[in-house]
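User: I would like to learn how the features of a structure such as this one are read. Please take me through them one at a time.

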Amino acid sequence: MWGWDLGFIAMTIGAFGVLWLLVKGVERFER
Amino acid sequence: MSSTGAGWLQFALLVAALAACYVPLGNYIAHIFTTDKDWAVERGFYKLIGIDRTADQKWSTYLRSILAFSAVSVLFLYGLQRLQHYLPLSQGLPGVTADTAWNTAASFVTNTNWQNYAGEATMGYVAQMSGLVVQQFMSAAVGLVVAIAMIRGFTRSRTDKLGNFWVDVTRCVIRLLIPLAIVGGLILVAGGAIENFHAYQTVTTLSGAHQTIPGGPVASSEWIKNMGNNGGGWFNTNAAHPFENPNPLTNWFIIFSLLLIPFATPRAFGKMVKDNRQGFALVAVMVIIWAAAVGGISLFEAHTGVGGTATVLAHHAAEGTEVRFGTPACSLFAASTTVTSTGAVNCFHDSLTPFGGGIALFDIALGEIAPGGIGAGMYGILVLAIVTVFVAGLMVGRTPEYIGKKIRPTEMKYAALYFLTLPVVILTAAGISIGTHIGQKSIFNPGPHGLTEVVYAYASMANNNGSAFAGLGSGATFYQIMGGFVMLFGRFAPEIFALGLAGSLARQQPVPASAGTLDTRTPLFVGMVVGVILVLVGLTYFPALALGPFAEGLH
């Protein structure tokens with residue numbers, strides 16, 4: 001089960017990482 | 001009095017009660033976010049977490065605070081559920097399975113409260129109270145502060161600072177949500193909702209069978225669940241369970257609670273932009289759409305001849321309806337829970353007539369703006385108001401301005417990205433689910449009804465509603481993972497574009513109204529916003545609505 005736990009933690013970090021990059025992309029679009 | 005008459009009386013009382021709260025609550029919300037004075041408890045909290053309350057944040061910093069707070073919340077909530085068997089008051093329940101725990105964590109942090117589990121058979125008391133209920137406060141607060149930050153885009157000029165997320169969210173929880181939740185929880189306790197820490201009791205029924213009677217601090221959870229437009233339920237049957245919603249009076253208060261803050265927020269908007277008529281125009285749009293939804297669902301649920309033979313014989317579409325409340329109260333609840341982003345139910349939406357269910361789906365597809373989720377409805381309708389003044393500018397040559405700010409190509413790009421995000425997320429996820437073997441395996445109803453179930457599920461998740469049509473096996477790992485991503489992107493991606501738009505507006509110098517400025521406080525503008533909302537949603541989701549509920553209803 002630890003494999004699943006690590007997978008879901010990675011998915012959380014990945015999803016918020018994509019959103020973080022989206023913010024960065026919008027900031028670049030602003031400039 | 002007939003049940004239909006009672007239903008309309010409940011609706012009239014709701015309108016009266018919400019109208020009475022509109023000014024005082026809206027003014028109070030505006031005061032919370034504009035006053036310079038901190039409460040002692042707030043100052044202590046800022047000191048504890050190391051926040052400089054005078055430090056305003058740029059829109060992107062404000063957003064990163066939201067994302068960081070939400071990411072940590074998802075991980076904490078996930079761990080809490082996985083380890084709940086080590087927690088006190090867990091009622092002997094094991095740790096939640098990994099996929100359900102992740103889906104639930106994403107669901108509660110995004111204010112969705114989509115539940116792939118039966119609450120009373122899955123979650124212990126501590127996991128519910130210190131995990132799920134805490135998020136019912138926090139996710140609601142996050143939604144409202146995004147709306148407030150967006151309003152500051154109109155009220156500020158030549159700056160890109162929209163406030164301080166940590167200050168806003170602290171004030172929202174301490175000054176607004178906790179006091180109202182205490183009052184509301186006491187109302188529900190007085191009405192008969194349970195509030196205890198009893199262990200589950202096994203009793204022997206008169207027929208000799210054994211039945212387990214659950215307990216729990218339900219009333220305190222129930223009010224914030226609805227008032228924060230979270231949804232779901234302590235019990236699997238949500239507000240159809242007598243411990244959660246004991247009688248028609250509590251049922252009315254629950255519907256009132258889920259509409260209370262969303263309908264008062266436009267007043268806060270009007271107050272903050274120093275033009276109350278602007279807020280009145282937006283709340284008028286919300287009331288028109290809500291009333292149309294209530295009328296439409298009530299018509300199709302109560303009217304014979306549109307729900308098949310059983311409906312005709314029973315004079316109402318009564319299957320799946322909680323008999324303590326009846327079809328009219330079911331229709332009022334279904335419309336109110338889907339136009340807000342609440343998602344709690346007191347009857348099964350899968351049992352609504354095809355057109356009644358189609359209206360519920362359409363309500364959600366509107367993007368939760370009438371009145372929408374707490375805060376989310378406000379920033380959603382502001383984006384659509386901006387689209388409306390732009391369309392009006394194209395049609396009759398008016399200068400596209402809104403609340404003294406020019407709507408330039410930059411603002412329209414943000415508005416377009418905001419509006420396109422949800423259909424892309426919803427329809428892509430639905431397409432993958434329908435087009436793959438692994439997705440098809442969990443669609444239990446063939447034909448148009450099955451399509452409606454899938455589209456409804458993803459529309460509900462992406463719009464942070466949380467209500468569901470039954471008949472879709474969303475507990476399968478595929479749907480748990482897909483749903484988790486849909487909820488996270490459906491919640492936060494539009495907030496990125498909304499706050500980007502607010503930042504762009506805040507940087508502008510205000511322009512004085514001129515002869516070419518469209519007056520956005522008139523009935524004409526109200527009608528135009530309603531039209532733009534219906535046309536945009538109608539065009540976007542028409543194929544799905546035509547192949548799903550329309551095809552089923554006309555069959």
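**Reading the features**

Analyst: B:Asn113 lies in the loop of chain B that runs between helix H4 and helix H5 (119-122). Helices and strands here are DSSP runs, numbered from the N terminus: a helix is H or I with at least four residues, a strand is E with at least two. The model is predicted, so local features need pLDDT of at least 70 and side-chain atom pairs count only at pLDDT 80 or more, while totals for chains, interfaces and linings use all residues. Residues are numbered from 1 along each chain as its sequence is written, and chains are lettered from A and ligands numbered from 1 in the order in which they are written.

User: What is the phi of B:Asn113, and is the residue buried or exposed?

Analyst: A residue is buried if 20 or more other C-beta atoms, placed from the backbone, lie within 10 Å of its own; it is exposed if there are 12 or fewer, and partly exposed in between. B:Asn113 has 29 other C-beta atoms within 10 Å, so it is buried. Its phi is positive, about 60 degrees, although B:Asn113 is not a glycine.

User: Where does B:Asn464 lie?

Analyst: B:Asn464 is found in the loop between H17 and H18 of chain B, just after H17(B). Its phi is positive at about 60 degrees although it is not a glycine. B:Asn464 counts as buried because it has 29 C-beta neighbours inside 10 Å.

User: How many residues does helix H17 of chain B have, and what distance does it reach?

Analyst: The expected span of a helix is 1.5 Å times one less than its number of residues. Helix H17 (residues 447-462) of chain B has 16 residues and reaches 23 Å from its first C-alpha to its last, close to the 22 Å expected. Of the 16 residues of H17(B), 13 are buried, so the helix is largely enclosed by the rest of the structure.

User: Which residues have the most contacts inside the largest nonpolar core?

Analyst: In soluble globular proteins, nonpolar side chains tend to be buried together. A nonpolar core is a set of buried Ala, Val, Leu, Ile, Met, Phe, Trp, Tyr and Cys residues joined through C-beta atoms within 7 Å. The largest one has 184 residues, and B:Ala141, B:Tyr458 and B:Leu499 have the most contacts inside it. Helix H6 (residues 125-155) of chain B supplies the largest share of this core, 17 residues.

User: How many residues of each chain are in contact across chains A and B?

Analyst: Two residues are in contact if their C-beta atoms, placed from the backbone, lie within 7 Å. By that rule, 14 residues of chain A are in contact with 17 residues of chain B. On the side of chain B that touches chain A, H3(B) gives the most, with nine residues. Chain A itself has one helix and zero strands, and its C-alpha trace spans about 45 × 5 × 5 Å along its principal axes.

User: In which sense do strands S1 and S2 of chain B pair?

Analyst: Two strands pair if DSSP finds at least two bridges between them. Strand S1 (residues 201-204) and strand S2 (residues 210-213) of chain B pair in the antiparallel sense over four bridges. B:Val203 has B:Gln211 in S2(B) as its bridge partner. Five residues lie between the strands of this hairpin, where B:Gly208 takes a positive phi near 95 degrees.
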